[in-house]
Amino acid sequence: MNKPKVYIDGKEGTTGLQIYERLGAREDIDLLLIDEEKRKDVEERKKLLNAADLVFLCLPDAAAKEAVALIENDHTRVIDASTAHRTAKGWVYGFPEFYRYPGEVIGQAARVANPGCHATGFLSSTMPLVSLHILPKDYPLTCYSLTGYSGGGKKMIAEYESGEKGKDLYSPRIYGTNLRHKHLNEMRKISGLDQPPVFCPVVDDYYKGMATTIMLHNKYLLGQPTAKEIYHILMAYYAGQKLISVRYEEEGGMLPANALAGSDRLELVVCGHEEQTIVTALFDNLGKGASGAAVQNMNIMLGLDETTGLHLD
Ligand SMILES: NC(=O)C1=CN([C@@H]2O[C@H](COP(=O)(O)OP(=O)(O)OC[C@H]3O[C@@H](n4cnc5c(N)ncnc54)[C@H](OP(=O)(O)O)[C@@H]3O)[C@@H](O)[C@H]2O)C=CC1
Ligand SMILES: CC(=O)N[C@@H](CCC(=O)OP(=O)(O)O)C(=O)O
């Protein structure tokens, strides 16, 4: 049987390289590679985009839209890691754990939008609680999200790793202060909330890893559950999942944002008591937040075990 041909457009970028790292040694796919000096040549990219059965777009939004327009056949399937198509018509949102039968949705799709990294953390806690009607749709939710600097791609990595970095870059920096972060559309649409959260992202002086936290007053939730009951609800929702686990923090311990750096898993940590709850998603912005999720989606699209080639520790 012919192996599926796979092409990574943007392979030299932060996300693309991590996908390549997960696919390079695989024998169940045939990886198409572009000549280094032609990697931005439109005609050469067009050839590969049309020769492939499946392509990853690891590009800025405008280049991702251009790449889709270059595809002129019915067989090339697309996984787009950029923000360009996450709420677009005709695209499936690539968060497998949100579908009862991911193989029938993502597995059949021609166009899959890979979730944003902050959106992944936010939705992993919020979407189940809204869909189970625990969290009312009109709840005025807030969220803060810590990320390592690789989340900003090559340009931000270069800033943080430059010998001349200024003093600001040694401390956590709150950004997105116009409160119009590019992930808000998908956060609202996929969570089912009436309005997006007030969202506060923070980038800090470490390479990768995320901690995305929502804060809840239990008395405004359906049935007024305790934090421990919210933990049980999320445990039941994700039962049997290979990449998402849930735990309850009994001891009031610290949650380092790089706890799952290097892994493609995501852990939800529930903390709190009778009156208040926080739920924090710990994961790697380059793992379940980007490249790991993209490879998980590819596996499902190709009918393979979803964890093939992923880092599960
Ligand atoms: N970093 C992260 O944690 C995450 C990133 N994403 C998204 O994934 C996409 C890629 O991000 P990231 O890898 O961080 O970004 P990078 O800047 O690290 O990489 C982007 C790559 O695309 C290349 N490129 C730019 N324009 C073109 C073009 N017209 N044709 C071919 N190649 C082109 C760049 O070339 P050059 O090397 O010359 O600059 C670069 O290698 C973005 O949309 C980003 O928002 C999503 C989730 C998380
Ligand atoms: C630190 C930093 O700047 N992070 C980026 C995350 C970008 C990202 O991965 O966004 P997409 O998934 O939508 O492409 C940001 O918040 O804009």
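This is a short chat about a predicted model of a protein chain with its ligands.

Q: How is the protein chain divided?
A: The model is predicted. Its chain is divided into domain 1, residues 5-115 + 289-301, and domain 2, residues 117-285.

Q: How far apart are the centres of domain 1 and domain 2?
A: The centres, taken over C-alpha atoms, are separated by 25 Å.

Q: And how many residues does each domain put into the contact?
A: Domain 1 puts in 15 residues and domain 2 puts in 23 residues.

Q: What gives the largest share on the domain 1 side?
A: That is helix 9, with five residues of the side that touches domain 2. By type, the residues on this side of domain 1 are six nonpolar, seven polar and two charged.

Q: Ok, ligands. Where does ligand 1 lie relative to the domains?
A: Ligand 1 lies between domain 1 and domain 2, because both give residues to the shell around it.

Q: Which residues come nearest to ligand 1?
A: There are 26 residues around ligand 1, and the nearest are Gly 13, Thr 15, Ser 82, Gly 153 and Ala 290.

Q: Which helices supply at least two residues of that shell?
A: Helix 1 (14-23), helix 3 (61-70), helix 6 (153-161) and helix 9 (287-301) each do. Helix 1 gives the most, with three residues.

Q: How do the residues of the ligand 1 shell divide into nonpolar, polar and charged?
A: Eight are nonpolar, 13 are polar and five are charged.

Q: What about ligand 2, which residues come nearest there?
A: Thr 83, Gly 116, Gly 151, Gly 152 and Val 203 come nearest, out of 13 residues around ligand 2. The shell around ligand 2 has four nonpolar residues, eight polar and one charged. Helix 5 and strand 9 (198-204) each supply at least two residues of this shell.

Q: Staying with helix 5: is His 118 buried or exposed?
A: His 118 lies in helix 5. His 118 counts as buried because it has 28 C-beta neighbours inside 10 Å, and the cut-off for buried is 20 or more.

Q: What is His 118 in contact with, leaving aside its neighbours within four places in sequence?
A: His 118 is then in contact with Ser 145, His 183, Pro 201 and Thr 212.

Q: Switching to Lys 46. Where does Lys 46 lie?
A: Lys 46 lies in helix 2, residues 42-51. Lys 46 is partly exposed, as it has 16 other C-beta atoms within 10 Å. Lys 46 and Glu 66 are 20 residues apart in sequence, and their C-alpha atoms are 9.9 Å apart in space.

Q: Next, helix 8. Which residues of helix 8 are buried?
A: In helix 8, residues 227-237, the buried ones are Ala 227, Ile 230, Tyr 231 and Leu 234.

Q: Why do they line one face of the helix?
A: Seen down the axis of helix 8, the buried residues fall within an arc of 105 degrees, so they line one face.

Q: What covers them?
A: The cover includes helix 5 (117-131), strand 11 (244-248), strand 12 (266-272) and strand 13 (276-283).

Q: Those strands, what is the order in the sheet?
A: The order is 8-9-7-10-13-12-11, in an open sheet of seven strands with mixed pairing. Strand 8 (173-174) and strand 11 are the edge strands, each pairing on one side only.

Q: How many bridges join strand 11 to strand 12?
A: Five bridges join them, and the two strands run parallel. In strand 12, Val 270 is the bridge partner of Tyr 248.

Definitions and conventions:
Residues are numbered from 1 along each chain as its sequence is written. Chains are lettered from A and ligands numbered from 1 in the order in which they are written. This is a predicted model: local features need pLDDT of at least 70, side-chain atom pairs count only at pLDDT 80 or more; totals for chains, interfaces and linings use all residues. A residue is buried if 20 or more other C-beta atoms lie within 10 Å of its own, exposed if 12 or fewer, and partly exposed in between; C-beta atoms are placed from the backbone. Helices (H or I, at least four residues) and strands (E, at least two) are DSSP runs, numbered from the N terminus. The arc is that of the directions from the helix axis to the C-beta atoms. Two residues are in contact if their C-beta atoms, placed from the backbone, lie within 7 Å. A residue is near a molecule or strand if its C-beta atom, placed from the backbone, lies within 6 Å of it. Ala, Val, Leu, Ile, Met, Phe, Trp, Tyr, Cys and Pro count as nonpolar, Asp, Glu, Lys and Arg as charged, and the others, Gly among them, as polar. Domain bounds come from an automatic or database domain assignment. Two strands pair if DSSP finds at least two bridges between them.
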